[in-house]
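Here is a short briefing for a first look at this protein.

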Amino acid sequence: MSNTLLAPKVKQSTKKPRIPVQKKPGTLHHMKRLSYGTKNTGNKIIQGDNLAILEALELQVQGQVRCVYIDPPYNNKDRYTHYDDKLCHVEWLEALEKCATSLRRTLREDGSMWVSIDDNEMHYLKVVLDKVFGRENFVSTIVWQQRTTRENRKILSNDHEYILVYAKNYSEFKKTRNLLPMGEEVISRYKNPDNDPRGPWQSVSANVQAGHAVPSQFYEIVAPNGKKHSPPKGRCWAYSKDKMNKEIAIGNIWFGKEGNGVPRLKKFLSESKRGVTPKTLWTADEVSTNDLAKKHIMKLLPDHQLFDTPKPEPLLHRIIEIASDPGDLILDAYLGSGTTAAVAHKMARQYIGIEVGDHAASHCTARLKKVIEGDCYGLADRLQWKGGGGFDFFMHKQTAIRPS
Ligand SMILES: C[S@@+](CC[C@H](N)C(=O)[O-])C[C@H]1O[C@@H](n2cnc3c(N)ncnc32)[C@H](O)[C@@H]1O
């Protein structure tokens with residue numbers, strides 16, 4: 001069985017070959033004409049079947065990739081302008097399993113793989129990826145609000161997709177994954193009602209669940225005005241009595257404007273600069289939608305036939321921000337219109353993008369040229385992107401060995 005997820009458009013011959021043909025991993029041919037910008041950046045767009053290319057690249061990329069993102073055809077029986085999405089379920093799942101197995105080998109110990117998928121095959125794919133990565137390395141399922149309009153032709157208007165996240169090694173990924181910068185909404189929660197010279201702060205509960213408490217966490221807090229406070233039923237104080245008294249003395253405990261309120265801990269904005277833990281619900285407001293991604297591509301490549309299923313740049317920006325740092329290698333084995341490469345480029349990551357269709361040459365290269373020339377759509381404003389860099393284009397050619 002071929003790995004390609006594209007249902008072939010050409011009629012297959014029914015004649016069996018007389019001599020069995022074995023395929024070599026094949027070789028990559030540098031296409032100068034399709035490469036652009038600064039030379040030897042390490043950024044690669046490769047046209048060909050992903051499994052064969054991963055095999056050909058194996059030694060170069062094994063254990064090198066910090067973040068893999070894939071957005072394979074979802075097997076939803078649709079026919080798109082640039083590819084078909086109609087395989088039998090078993091064939092589709094087998095192809096994904098082979099590809100994921102190969103991609104896992106490319107990951108660094110602290111690397112992660114992010115997989116876009118919808119309702120149709122999500123649960124079957126989850127079981128297969130659990131097998132490939134080990135259930136202990138499953139990180140989470142992200143729910144992405146991919147549309148804001150209502151789909152009235154369906155029984156239920158399906159407005160979300162999933163992103164399955166796996167780590168090569170859960171504990172290594174946990175140590176190095178990035179937090180997200182605090183948004184305006186989070187920052188606005190910090191106020192300074194007591195004019196604290198240390199700046200804005202927000203208060204959080206000073207009591208915690210008593211389940212794992214030690215005896216030193218059960219006591220009465222005496223507020224500066226003499227009022228006594230006991231923890232609510234089933235709860236205890238977050239700190240021991242000694243530590244709590246020290247925190248009260250240095251003004252880190254808030255008893256309300258009048259001093260009679262339930263004690264709360266002051267958390268200062270200046271100490272929270274590390275960022276926020278990413279959540280698993282990603283709204284259209286935060287990371288955009290499929291429709292907006294299409295509009296972006298239309299504006300960016302007005303002379304090209306529209307690519308039907310691009311992902312929005314802000315979605316890829318968030319994944320790459322959490323999963324990697326500048327200079328890291330990002331890999332997408334179903335590149336489509338080149339979103340992952342375009343975003344990785346603007347975020348100063350290295351990238352390898354693999355795409356079997358001719359849009360690797362037509363759309364991905366045209367899009368990346370615009371990026372290099374300072375593309376002002378997508379994330380350009382957020383990243384203050386001014387252009388620069390380059391990529392090399394390769395064509396994968398597979399050769400057959402005929403046994404004598
Ligand atoms: C859903 S699209 C990816 C869209 C992409 N995320 C974007 O933002 O434009 C899936 C892509 O996978 C490609 N594809 C399918 N099977 C492939 C294979 N075996 N090797 C490489 N690419 C493949 C298709 O041609 C299609 O462009």
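In this predicted model, α2 gives the most to the lining of the largest cavity, with 3 residues. Two elements give two or more residues to that lining: α1 (50-61) and α2 (89-106). The protein has 12 helices and 21 strands.

**The cavity**

- The structure holds 1 cavity of 30 Å³ or more.
- About 30 Å³ of space lies in the largest cavity.
- Its lining is made of Leu54, Glu58, Gln62, Ser102, Arg105 and Thr106.
- By type, the lining divides into 1 nonpolar, 3 polar and 2 charged residues.

**The largest nonpolar core**

- This core has 37 residues.
- Within the core, the residues that touch the most other members are Ile45, Trp114, Ile163, Trp282, Ile319, Tyr351 and Leu368.
- The largest share, 6 residues, comes from α9.
- As a general point, nonpolar side chains in soluble globular proteins tend to be buried together.

**Ile45 and its contacts**

- Which residues does Ile45 contact, leaving aside its neighbours within four places in sequence? The list is Leu335, Ala341, Tyr351, Gly353, Ala360, Cys364, Leu368, Phe391, Asp392, Phe393 and Phe394.
- Two of these partners, Tyr351 and Leu368, are also among the residues that touch the most other members of the core.

**A separate core**

- Another core, of 36 residues, lies apart from the largest one.
- Its members include Ile70, Val132, Leu329 and Ile352.

**The protein as a whole**

- The protein has 404 residues, and buried residues make up 47% of them.
- Along its principal axes, the C-alpha trace spans about 95 × 50 × 45 Å.
- The protein exposes about 21,600 Å². Carbon and sulfur atoms supply 51% of that area.

How values were computed. Residues are numbered from 1 along each chain as its sequence is written. This is a predicted model: local features need pLDDT of at least 70, side-chain atom pairs count only at pLDDT 80 or more; totals for chains, interfaces and linings use all residues. Side-chain values use heavy atoms; hydrogens and water are left out. A nonpolar core is a set of buried Ala, Val, Leu, Ile, Met, Phe, Trp, Tyr and Cys residues joined through side-chain atoms within 4.5 Å. Buried means under 20% relative accessible area, exposed over 50%, partly exposed in between (1.4 Å probe, protein chains only). Helices (H or I, at least four residues) and strands (E, at least two) are DSSP runs, numbered from the N terminus. Contact means heavy atoms within 4.5 Å. On a 1 Å grid over the protein atoms alone, a cavity is a set of points where a 1.4 Å probe fits but cannot get out, and a pocket is an open set with protein on both sides within 12 Å along at least five of seven lines; lining residues have an atom within 4 Å of a point. Grid points are joined across faces, edges and corners, and a volume is the space filled by probe spheres set on the points. Ala, Val, Leu, Ile, Met, Phe, Trp, Tyr, Cys and Pro count as nonpolar, Asp, Glu, Lys and Arg as charged, and the others, Gly among them, as polar. Accessible areas come from the Shrake-Rupley method with a 1.4 Å probe; for residues, only the protein chains shown count as cover.
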